[in-house]
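Here's a walk through one model, going from the whole chain down to single residues. Keep the viewer open and follow along.

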There are 2 protein chains.
Amino acid sequence: MIFPLSKLGFVATRDSDLRGEPAEMADSKELSETLPGPGEKLTKTDFKARIPGLRVELVNAQYVLREAGFSMIVLLAGPDRIGCEQVVDRLHEWMDGRHLDTWFAGMATEEERTRPRFWRFWRSMPPDGRIGIFVGAWITQVIGELLRGQIDEKERDRRTRHFNLLDRMLTDDGTVVVKLWLDLPRKAMKKRLKRVEGDHALYVEDLDYTILEHYEAAQPVIQDLLEESGQAVPWTVLDGSDERARDLAVAETLLRALEQRFDNPPRPPVPAALEPARAHLAEVDLTQELEYAEYRKELEKLQLRLHKLSLKAREQKQGVVMAFEGWDAAGKGGVIRRITQAVSARDCKVIPVAAPSDEELAHHYLWRFWRRLPRAGQMRIFDRSWYGRVLVERIERLARPDEWQRAYDEINDFEAQITEYGQLVLKFWLHIDPDEQLRRFKAREKTDYKKYKITDEDYRNRDKWPAYTDAVNDMVERTSPDDAPWHLVAANDKRSARVEVLTIVCEALEKALKKKSRKK
Amino acid sequence: MIFPLSKLGFVATRDSDLRGEPAEMADSKELSETLPGPGEKLTKTDFKARIPGLRVELVNAQYVLREAGFSMIVLLAGPDRIGCEQVVDRLHEWMDGRHLDTWFAGMATEEERTRPRFWRFWRSMPPDGRIGIFVGAWITQVIGELLRGQIDEKERDRRTRHFNLLDRMLTDDGTVVVKLWLDLPRKAMKKRLKRVEGDHALYVEDLDYTILEHYEAAQPVIQDLLEESGQAVPWTVLDGSDERARDLAVAETLLRALEQRFDNPPRPPVPAALEPARAHLAEVDLTQELEYAEYRKELEKLQLRLHKLSLKAREQKQGVVMAFEGWDAAGKGGVIRRITQAVSARDCKVIPVAAPSDEELAHHYLWRFWRRLPRAGQMRIFDRSWYGRVLVERIERLARPDEWQRAYDEINDFEAQITEYGQLVLKFWLHIDPDEQLRRFKAREKTDYKKYKITDEDYRNRDKWPAYTDAVNDMVERTSPDDAPWHLVAANDKRSARVEVLTIVCEALEKALKKKSRKK
């Protein structure tokens, strides 16, 4: 089947310019004519005949993709490591390299090692319109660690779960995900290694001999892992014995995947209604109050405690991620300020979350939070957070119901990756009642300095109180794992809210540091 | 003088909420009333009296800045390292920490060390609307290296020149640059170190004792450096003996600098007319041609040579930065493709330069090129480049005359920093004549696959041929240092152009690698 670019105003045509030869109509064959049947071998003539047409189709598909509003991610891995590099070079030769983002697995850099494991992949995710090729993918490291006995079954399952969720998350977001596993019989690998070593020293590394040495032992580990990590998007296994056939098959697979996606834009599923959540917010006791003198005393004690804890956190490289959500005028800024006063600016940064930049909009919505995760030992306070997806984006219909409904799982997985890396996740909802909000709005209007904080929009938003209440209850119900629970903080009284948050932060940090000391 | 926020619709007011105490009108004094005269000491009462008003002014200034379309950069350094950290914490306490980007000098990370020296500063530059505080600044490292005898006078002068140019470049771009040097007599430093060590272990590091030990020896080095690096923006030296007075003085200096800038938007200078440049383009011989058979032979030889060189470059960690400019349809893409075919995708990336993202627009125009510089050992090919500033932005009046005229110096300095770090800079202008361009436009229209490449805009641009010719001649005249010269490549014949570029790349890379080997 020919790639139907004609529908989109493009017609596959000759690529004489791509090659610089005199302009003659190249007589391009389709892949179906050229790929060998079982037992046959692809002839050089057939291979050459297919190339001109194939290249034009690939480049054209890239141009269609640029306008299509989504991205493509290609995972390329397998024991045939040399084959993977050859395939990538081939794709760069055949396609427009300006719109390919290729990432090679290798040692994580220092900046990458001091953040949750997936940070290095997320930082390389292609924006809409581009193709990202991940050579070695995330799976390769796991295979190595399994074979060396560095991780157990439980850890393998945990990683596999993250892999599957990432595939699903990206696919749901519209990304075309293609996973290619380049297989090669042991004998062929040995032969190729020998040949390539002389010809193209570029490709060979010590790792290749290690792979060869442990080839047989690795097979069952790999088979299991391919199956388990292929639940959302299965791996396509290709035999790389015939290099030309392999390159054609890879290119064809990418083309078909794009073609499929251009022709069949995914139809968003109509999600089932959510099970009603418990009325978490209604359970918050808003009557508590704290006298000023008592507050000053408590605050001073807590800030000193937090200050000392932050010294230990720096020393022990304990990272902390905090998310603050709450009603407008609930006092998030004031609470955050009480935290930062106690911690050196060297260790703590506040991230105000406002409208995403255009680079952020061209990625999965979690990308902009991944890119701002702290290094080990650092504290990041998000003033509003990734929960915008299930709050304002839900209420204002900036996200479709299927989008915000699946966000609960996506967010749980995001936070799980942070806590598994050993960083602390602390989430606060500052709760006030509508009357208190109104009082504060009016007060702000009288305080010149805060006038800018109040607009008609804020008043209009008050009509959405019941909708937000539902959204908060749903959120608390669905994103409260043991190691990253929601803290619903009564904030009608600012003083008691500040003391409560500081107490929670201190206690959680103390516990985390103790746990870390025990581990050492 | 009170900060004139009233003009902008803001009125300095009480900050009771900032502190959480009961709402009473704080009776704030102005700084002029509170700062001690010579020989006097700031009393705690006067300090406290000034704080409420000061904080409101600072926060309000931040809000004005957010809408003002420029950024502020504060360099904070000096022997009083502890004082610097205290000041930063104080600013974070007094200001809105959500809109401060604070960077602490320290060991460069692996990712930073493998790129030109300034890369780590550029990656932390604040976007418009924000304040970036650089603690330790760029100067601290130079002082250390000078005292340890690691760099000579020549290198010191070179760095100082870059510092001054950076100050000027940022200031010219509208950024408010404030440079604060916190001084402290040796005795006071010793005393503070002793006191702080007990109270706030947060601040003290081994480095502080080193500074104390070499205090006297460092003085002449520091004095010279402060003077020499203060040519574009002078350092403000503050005595930090009285911590409260110091904090007030820092805050007041920042306020005054912002106030000054809000009240007096810089008026762009009217630049003098440029000295006419030589007619560089007219000297290019466009008649050369290469037969197809000869071309194929040459190309194969050159690509093999480049392939082998790229292996060595990877091994020797030789970075390469290439910029391709040229007339529309001059064949940039085809030339770039001939290079990437010869180099592994692992080592080489093509950066297509199109419209800047909004994050990029909120920074100095060179920021988007700094962020994409290659690591040591990598090759980056820019398909169009930072020269857009003096070409399309000049012609289309996207940059003012003073902006594109000063860009020559800015670009020379940018490239000098890359070559000084040891990376290779290669710049190509692909030259064709108007008739050849017209032929190619017509041919593209007939080639379905390239139709998207041709628009009415392209035809209209042909009227600007003389203007572009002037711009190219000016550019070549002014940005051709010995170690990063322009290569004007005759491209009426695509084949000879490709062979010429590949030859230049191979020869330059060979030379750079030989030089690198000799150094070892």
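Predicted model: local features only at pLDDT ≥ 70, side-chain atom pairs only at ≥ 80, totals over all residues.

## Ground rules

Residues are numbered from 1 along each chain as its sequence is written, while chains are lettered from A and ligands numbered from 1 in the order in which they are written.

## Chain A at a glance

Chain A has 22 helices and 10 strands; these are DSSP runs (helices H or I with at least four residues, strands E with at least two), numbered from the N terminus. Of its 520 residues, 38% are buried. Buried here means 20 or more other C-beta atoms within 10 Å of the residue's own, with 12 or fewer counting as exposed and anything in between as partly exposed; the C-beta atoms are placed from the backbone.

Contacts are scored when two C-beta atoms, again placed from the backbone, lie within 7 Å. Among contacts in chain A with a separation of 6 or more, 81% are between residues 24 or more positions apart.

Chain A is split into domain 1 (5-13 + 42-263) and domain 2 (286-519), with bounds that come from an automatic or database domain assignment. The C-alpha centres of domain 1 and domain 2 of chain A are 39 Å apart. Each side puts residues into the contact: 18 from domain 1 of chain A and 18 from domain 2 of chain A.

On the domain 1 side of chain A, the elements giving two or more residues are α6 (119-122) and α8 (153-172).

## The five-stranded sheet of chain A

What is the strand order of the open sheet in chain A? Its five strands run β7-β8-β6-β9-β10, with parallel pairing; two strands pair if DSSP finds at least two bridges between them. At the edges sit β7 (348-352) and β10 (486-490) of chain A, each pairing on one side only. The twist averages 20° from one strand to the next. Helix α22 (residues 494-519) of chain A packs on this sheet, touching β6, β9 (424-431) and β10 of chain A, and its direction makes about 165° with that of β9(A). Axes are lines fitted to C-alpha atoms, for helices over the stretch in contact, and angles run from 0 to 180 degrees between N-to-C directions.

Now zoom in on β6(A). Seven of its seven residues are buried, so β6(A) is largely enclosed by the rest of the structure. Val320(A), Met322(A), Phe324(A) and Gly326(A) point one way from the strand, with Val321(A), Ala323(A) and Glu325(A) pointing the other. Strand β6 (residues 320-326) pairs with β8 (residues 379-383) of chain A in the parallel sense over five bridges. In β8(A), Met379(A) is the bridge partner of Val320(A), and Ile381(A) is that of Met322(A). Seven bridges join β6(A) to the parallel β9(A), where Leu430(A) stands opposite Gly326(A).

## Leu302(A), a buried helix residue

Leu302(A) belongs to helix α13 (residues 292-316) of chain A. Why does Leu302(A) count as buried? Because it has 21 C-beta neighbours inside 10 Å. Beyond neighbours within four places in sequence, Leu302(A) is in contact with Val499(A), Leu502(A), Thr503(A) and Cys506(A). Leu302(A) and Val501(A), 199 residues apart in sequence, are 10.0 Å apart from C-alpha to C-alpha.

## Over in chain B

Chain B has an open sheet of five strands in the order β7-β8-β6-β9-β10, with parallel pairing. In β8(B), Asp383(B) stands opposite Phe324(B).

Buried residues in α8(B) include Arg159(B), Phe163(B) and Leu170(B). The buried residues of α8(B) pack against β1 (72-77), α7 (139-147), β4 (176-183), α11 (215-228) and α18 (401-420) of chain B. Just after α8(B), Gly174(B) takes a positive phi of about 105°.
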